[in-house]
Amino acid sequence: QLRVVESGGGLVHSGGSLRLSCAASGFTLDNFAIGWFRQAPGKEREGVSCASELGSSEADSTEYTDSVKGRFTVSRDRVKNTVYLQMNSLKPEDTAVYYCAARLGQYCVGYEYQDSYDTWGQGTQVTVSS
């Protein structure tokens, strides 16, 4: 059974950092893309980032939404079968519930299309105070 579980959320001051984890079970990351999404109060869930394997190499293919470029970094640990979202220079507008999701395929193109994912985690709360 495909499953992903997020962790690492919390409360942080503006300018601070957090690292979210997305632990995968029931599958390996080799053939799956992991998308990160967030949903702020009163807003729709939006795509934040994505990581997948780049073809047959061990390099990562990554994507970021414009609002987090230069501040967030997504990475994959194949040994731990976990994807991380390192969030630096956090802003109050980053406050949201963050979700990771998995879909079959070695690509991040169109990662923001939520219906393309096979499984979702339960979410982890990130709160950034001003």
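Among contacts in the protein between residues at least 6 apart in sequence, what percentage join residues at least 24 apart? The share is 60%. The model on the screen is predicted.

**The whole chain.** Begin with the protein in a cartoon view. It has zero helices and eleven strands. The C-alpha atoms fill a box of roughly 45 × 25 × 25 Å along the principal axes. The radius of gyration is 14 Å, which agrees with the value near 14 Å that a compact globule of 130 residues would have. Of the 130 residues, 46% count as buried.

**The open sheet.** Next, select β1, β3, β8 and β7. They form an open sheet of four strands in that order, with antiparallel pairing. β1 (3-7) and β7 are the edge strands, each pairing on one side only. Neighbouring strands of this sheet are turned by 15 degrees against each other on average, direction ignored.

**β5 and its partners.** Move to β5 (46-53). Seven of the eight residues of β5 are buried. β5 pairs with β4 in the antiparallel sense over five bridges, and with β6 (residues 60-64) in the antiparallel sense, also over five bridges. Select S49: this residue is the bridge partner of W36, and S49 also stands opposite Y64 in β6. Then follow the hairpin of β4 and β5, which has six residues between the strands. In this hairpin, G42 takes a positive phi near 75 degrees.

**The largest nonpolar core.** In soluble globular proteins, nonpolar side chains tend to be buried together. Display the side chains of I34, W36, L85, M87 and Y98, which touch the most other members of the 28-residue core. Strands that each supply at least two residues of this core include β4 (32-39), β8 (82-87) and β9 (96-104).

Which residues is L85 in contact with, leaving aside its neighbours within four places in sequence? Among them are L18, L20, W36, V48, F72, V74 and Y98. The contacts of L85 also include R19, S49 and T73.

**A second core.** Finally, select C50, C108, Y111 and Y117. These residues belong to a second, separate core of seven residues.

Definitions and conventions: Residues are numbered from 1 along each chain as its sequence is written. This is a predicted model: local features need pLDDT of at least 70, side-chain atom pairs count only at pLDDT 80 or more; totals for chains, interfaces and linings use all residues. Side-chain values use heavy atoms; hydrogens and water are left out. A nonpolar core is a set of buried Ala, Val, Leu, Ile, Met, Phe, Trp, Tyr and Cys residues joined through side-chain atoms within 4.5 Å. Buried means under 20% relative accessible area, exposed over 50%, partly exposed in between (1.4 Å probe, protein chains only). Contact means heavy atoms within 4.5 Å. Two strands pair if DSSP finds at least two bridges between them. Axes are lines fitted to C-alpha atoms, for helices over the stretch in contact, and angles run from 0 to 180 degrees between N-to-C directions. The radius of gyration is taken over C-alpha atoms; the globule rule is 2.2 Å times the number of residues to the power 0.38.
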